[in-house]
Amino acid sequence: MSEAEKIVGYPTSFLSLRWLLSDEIANIALHLRKLVGSNHPLLKTAKNIIFNGHNNIQAFGLIVLLISKAAGHLNVNHIEEDKSAGVLHSQRALAEITEMIRTSGLIHKGLVNIDVNGSLGASEMDHMTFGNKIALLSGDYLLSNSCAELAALRNQDITFLISSALADLAQAEFVARRDNQNYPIPSIPPKDRTGYALEEWELLNIYGAGSLLGKSCQGTLKLAGHSNEIQEEGHKFGQHLSLAWQAYLDLALCINKDEAILHNLCAAPIMFHVEHDPSILVELDKGLKSVENVDYMKVLEIVTAGPGIELTKELVKEHSRRAMEALNVFEESDARKALSNIIAAIGDF
């Protein structure tokens, strides 16, 4: 990723620096200090955004810029070109919009469903309520800014594309069963379980991220004047790359026996195991009230002994292959090579 950043001329880890340094965000950062020492998940989200944590959550904008540079632009006024990066100013704006939408979604996921009849003490209740207010307002601030930037592009087709991706992000919250904190739990499979795991997993993750990256890649090619056929290849590339990446992250959580798997019980290896042997739902269903009730080590031991890990490795390879096929429509360049290296790194497990 760091090598790829050099190709677009500046570190996209700071793509959103303009809004991070705004007065509104600065005030939010001051209020966040009140949450230090509490268990509100917003603190972890903020740390990942600022320090660009292990999940590389700032990568979507970089990929949009790389696909922009790999494709080049046709019949465009040179005044509109950001010569240092080799992309159009509108393409850079779209990359920033994509980052703001992605980040706002992650912040909104930090909202906690508070059980007023639960066992929280008065102090912890105050922290959770205050953290929810900050998560809601800061997420809304970024989302509203992204909508304003989107409107400033004055392109109805791009507005429609990105708006439909926003609708998909909202729809992702209604896929699969959910615990009281809205963390997903695998749905009960039908009698004929053939294809159940792949269908459910892809639905959740296309809505959750694949749609945004795919439509952003498609949109940036439209801004550059490319044909509908090339735009469609951009959409395929973004969506398959996102799915390959998510499958890789799911695989890492299971192999490393990471407790974070509790927040993603619909990870690909688990879904494949549910399709193979639904009896694992006895343990998973303990999480309907709270995923913390699930013995994640027991679940991962069962999954590791089954076919889920190998099937997920095949899933990573399949989506990586399809992303590479879409990428091959573009001519050889440093940007295309960087994207190829990202795909290769995802497949290196």
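**Notebook: helix packing, salt bridges and confidence**

I began with helix α7 (residues 122–152) and helix α8 (residues 156–171), whose axes come within 10 Å and cross at roughly 160°. I record that this crossing makes α7 roughly antiparallel to α8. On the α7 side I find Leu143, Cys147 and Leu150 in the contact, and on the α8 side Ile158, Thr159, Ile162, Ser163 and Leu166. My axes are lines fitted to C-alpha atoms, for helices over the stretch in contact, and angles run from 0 to 180 degrees between N-to-C directions. I count angles under 35 degrees as roughly parallel, over 145 as roughly antiparallel, 65 to 115 as roughly perpendicular and the rest as oblique. Contact denotes heavy atoms within 4.5 Å; helices (H or I, at least four residues) and strands (E, at least two) are DSSP runs, numbered from the N terminus.

I note that the model is predicted, that local features need pLDDT of at least 70 and side-chain atom pairs count only at pLDDT 80 or more, while totals for chains, interfaces and linings use all residues. Residues are numbered from 1 along each chain as its sequence is written, and side-chain values use heavy atoms, with hydrogens and water left out.

**Confidence**

I looked up pLDDT, the predictor's confidence in each residue, from 0 to 100. The chain has a mean of 86, with 82% of its residues at 70 or more. Confidence is lowest in helix α2 (residues 17–20), at a mean of 51, and highest in helix α11 (residues 268–276), at 98. Over residues 50–57 pLDDT stays under 50, and I find 13 contacts beyond four places in sequence for them in the model.

**Helix α5**

I then took helix α5 (residues 59–71), whose 13 residues reach 18 Å from first C-alpha to last, close to the 18 Å expected at 1.5 Å a residue. The expected span is 1.5 Å times one less than the number of residues. Of the 13 residues, 12 are buried, so α5 is largely enclosed by the rest of the structure. Among the buried residues I list Phe60, Leu62, Ile63 and Leu66. Buried means under 20% relative accessible area, exposed over 50%, and partly exposed in between (1.4 Å probe, protein chains only). Just after α5, Gly72 takes a positive phi of about 75°.

I find α5 packed against helix α15 (residues 334–346) at an angle of about 140°, with the axes 8 Å apart; the two are therefore oblique to each other. Ile63, Leu66, Ile67, Lys69 and Ala70 in α5 meet Ala335, Arg336, Ala338, Leu339 and Ile342 in α15.

**Salt bridges**

Arg177 and Asp285 pair at 2.6 Å, N to O. Arg177 lies in strand β3 (residues 177–178) and Asp285 in the loop between α12 (281–284) and α13 (296–305), so the pair ties together parts 108 residues apart in sequence. Both are partly exposed, Arg177 at 21% and Asp285 at 28%.

Glu173 and Arg178 form a salt bridge at 3.9 Å, N to O; Glu173 is partly exposed at 26% relative accessibility.

I also recorded Glu314 and Lys317, at 4.0 Å, N to O. They stand 3 residues apart in helix α14 (residues 308–327), about one helical turn. Glu314 is partly exposed at 46%, and Lys317 at 47%.

Technical notes:
A salt bridge is a side-chain nitrogen of Lys or Arg within 4 Å of a carboxyl oxygen of Asp or Glu.
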